[in-house]
Amino acid sequence: MSKQVASLPVIDLTADTPCCPPLAQRRVPAETAAVLAPAFKALGDPVRLQLMSMIASAEGGEACVCDLTPAFDLTGPTISHHLKTLREAGLVDAERRGTWVYYRARPAILRQLAALLTVEPAAAA
């Protein structure tokens, strides 16, 4: 049974346009917060944040688990758990090729998260 949060129909996390104004401009609706919170929660772990960075910045736009695992002093199953959490939060897609799994960041949801956290610079007086 998957723990993946079902997207509400009013919030399209795959859209290139922001789901809502930045939180510094207006209160985040409860429905939006419920959909985006799992992604922020997944990124709240240092290992997952590093994994996300490695995947998002990987040459060719994808990273093999075979390249990710050696970068940490953790067991393979622990890395797999963290990658599963990123997948379930909708931050990455995974594709099995033979014995290896390749991970690719989902840019649309990253843009949604970034747009929500955007703070406009104060106007010069």
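A disulfide is here a pair of cysteine sulfur atoms within 2.5 Å, and by that criterion the structure, which is a predicted model, holds one disulfide. The bond joins Cys-64 to Cys-66, with an S to S distance of 2.4 Å, and the link is right-handed, with 130° about the S-S bond. The accessibility of the two partners is set out below.

| Residue | Relative accessibility | Class |
|---|---|---|
| Cys-64 | 2% | buried |
| Cys-66 | 27% | partly exposed |

A charged residue comes next. Arg-48, which is found in helix H2 (residues 46–56), is buried yet has no salt bridge, the nearest side chain of opposite charge being that of Asp-45, 4.3 Å away. Leaving aside residues up to four places away in sequence, Arg-48 touches Lys-41, Ala-42, His-81, His-82, Thr-85 and Leu-86.

Two of these contacts, His-82 and Leu-86, are also among the buried residues of H4, which include Ile-79 and Leu-83 as well. Seen down the axis of H4, the buried residues fall within an arc of 95°, so they line one face of the helix. Their cover includes helix H1 (30–43), H2, helix H3 (65–68), strand S2 (92–97) and strand S3 (100–105). As for its length, the 13 residues of helix H4 (residues 76–88) should span 18 Å at 1.5 Å a residue, and the end C-alpha atoms are 18 Å apart, which agrees. Just after H4, Gly-90 takes a positive phi of about 85°.

Notes:
Residues are numbered from 1 along each chain as its sequence is written. This is a predicted model: local features need pLDDT of at least 70, side-chain atom pairs count only at pLDDT 80 or more; totals for chains, interfaces and linings use all residues. Side-chain values use heavy atoms; hydrogens and water are left out. Buried means under 20% relative accessible area, exposed over 50%, partly exposed in between (1.4 Å probe, protein chains only). Helices (H or I, at least four residues) and strands (E, at least two) are DSSP runs, numbered from the N terminus. Lys and Arg count as positive and Asp and Glu as negative; His and the chain ends are not counted. A salt bridge is a side-chain nitrogen of Lys or Arg within 4 Å of a carboxyl oxygen of Asp or Glu. Contact means heavy atoms within 4.5 Å. The expected span of a helix is 1.5 Å times one less than its number of residues. The arc is that of the directions from the helix axis to the C-beta atoms.
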